[in-house]
Amino acid sequence: DVDVPESHPRYESLLTRHRIEAGVEKGITSKQGLIAQGRGEAYDYLLGERTIPTADAAARAAAAHLLRADHAVLSINGNVAALVPGEMVELAEATGADLEVNLFNRTEARMEAIADHLREHGAEDVKGLTADGRISGLDHERAKVDADGIGDADVVLVPLEDGDRAEALAEMGKTELVVDLNPLSRSAQTATVPIVDNIIRAIPNVTEHARDLEGDPEAQQQAIDEFDAEAALDAAERAIRGGDIE
Ligand code: ATP
Ligand code: MG
């Protein structure tokens with residue numbers, strides 16, 4: 001595996017890079033995914049590699065939306081699968097959501113490799129391989145989803161998603177939960193709930209909030225009502241620019 005001493009000041013970041021690299025070697029992550037990771041890291045560095053308070057509030061609101069959904073789906077791409085496979089399986093279990101492989105650069109080999117990888121991490125049912133549904137407003141390859149998965153969902157968590165697809169999903173009227181370290185990215189801008197945090201920290205945090213909110217509809221409603229997406233994006237941008245966050 002990797003040989004990074006835990007005392008190294010960039011321990012977490014180096015570990016993350018190794019996971020992405022291993023993902024490419026395993027046929028899970030695309031080469032484009034390496035570039036996306038680099039962009040994310042730059043923002044994380046500027047944020048101080050921490051979960052800012054508004055990102056924590058977003059994680060709590062996202063957990064509430066997942067618990068209240070009629071049908072929630074967690075979308076998995078090559079970076080998500082490489083970085084947090086077990087954590088996504090746990091979140092699905094904690095909220096009753098489905099897992100669906102959903103790729104911008106879709107190939108059957110990569111779809112299968114990611115589904116296998118998720119099963120190795122405990123997933124039972126993995127959607128995305130049927131591809132009998134479409135996201136309206138996108139060209140054919142980019143639009144493919146499962147009719148009984150994302151196609152049917154009222155709430156979707158789309159971490160590290162491309163801006164076009166995030167916009168198209170929002171236009172279909174779905175409640176969209178996004179994880180994206182760039183508060184200026186269109187994905188973050190179109191989300192009902194933008195979580196501006198590293199996915200490595202964000203997903204376990206959403207799961208923890210879900211466990212806390214489970215069975216408490218009032219607390220769920222409060223988490224949703226108290227969250228202000230625009231204010232959260234502003235706070236993240238201020239934190240990145242080096243200003244005060246509260
Ligand atoms: P648009 O501006 O249209 O949204 P984009 O060029 O940002 O598109 P990508 O580069 O595919 O599209 O998006 C990847 C996004 O994911 C980037 O905004 C990047 O900051 C973010 N990202 C990458 N790695 C992580 C990570 N580990 N955790 C959270 N966000 C990440
Ligand atoms: Mg983006």
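In this predicted model, helix α3 (residues 53-68) packs against helix α11 (residues 217-226) at an angle of about 130 degrees, and their axes are 8 Å apart. Helix α3 also packs with helix α12 (residues 229-240), and its axis comes within 8 Å of that of helix α10 (residues 199-213). Six strands form an open sheet with parallel pairing. A UniProt "binding site" annotation from an unreviewed entry covers a set of residues that includes R17 and R39.

**Helix α3 with α11**

- The crossing in which α3 passes α11 is left-handed.
- On the α3 side, the contact is made by A57, R60, A61, A64, H65, L67 and R68, and on the α11 side by Q220, A223, I224 and E226.
- Sorted by class, the contact of α3 with α11 has six nonpolar, two polar and three charged residues.

**Helix α3 with α12**

- The packing angle of α3 and α12 is about 145 degrees, with the axes 9 Å apart.
- Helix α3 passes α12 in a left-handed crossing.
- T54, A57 and A58 of α3 meet A232, A235 and A236 of α12 in this contact.
- Five residues of the contact of α3 with α12 are nonpolar, one is polar and none is charged.
- Residue A57 of α3 is listed in the contact with α11 and in the contact with α12.

**Helix α3 with α10**

- The axes of α3 and α10 cross at roughly 55 degrees, which makes α3 oblique to α10.
- This crossing of α3 and α10 is right-handed.
- From α3, the contact involves D56, A59, R60, A62, A63, A64, L66 and L67; from α10, it involves A202, N205, V206, H209, A210 and L213.
- The contact of α3 with α10 comprises 10 nonpolar, two polar and two charged residues.
- R60, A64 and L67 of α3 are among the residues in the contact with α11, and they are also among those in the contact with α10.

- Strands β3 (126-127) and β8 (193-195) are the edges, each pairing on one side only.
- Strand β1 (residues 72-76) pairs with strand β2 (residues 98-101) in the parallel sense over four bridges.
- L74 has L99 in β2 as its bridge partner.
- Helix α5 (residues 85-95) packs on the sheet, where it touches β1 and β2.
- The direction of α5 makes about 175 degrees with that of β1.

**Annotated binding site**

- According to the unreviewed UniProt entry, the "binding site" annotation covers R17, R39, D180, L181, N182, R186, S187, N198 and I199.
- These residues span 183 residues in sequence, and the farthest two C-alpha atoms are 24.3 Å apart, so the annotated residues do not all gather at one spot.
- R17 is placed in helix α1 (residues 11-25).

Note on methods:
Residues numbered from 1 in each chain as written. Chains lettered and ligands numbered in written order. Predicted model: local features only at pLDDT ≥ 70, side-chain atom pairs only at ≥ 80, totals over all residues. Pairing = 2+ DSSP bridges. Helix = DSSP H or I, 4+ residues; strand = E, 2+ residues; numbered from the N terminus. Contact = placed C-beta atoms within 7 Å. Axes fitted to C-alpha atoms, helices over the stretch in contact; angles between N-to-C directions. Left-handed = near helix turned anticlockwise from the far one by under 90°. Nonpolar A, V, L, I, M, F, W, Y, C, P; charged D, E, K, R; others polar. UniProt positions renumbered as here; feature names shortened; annotations may be inferred. Parallel < 35°, antiparallel > 145°, perpendicular 65-115°, else oblique.
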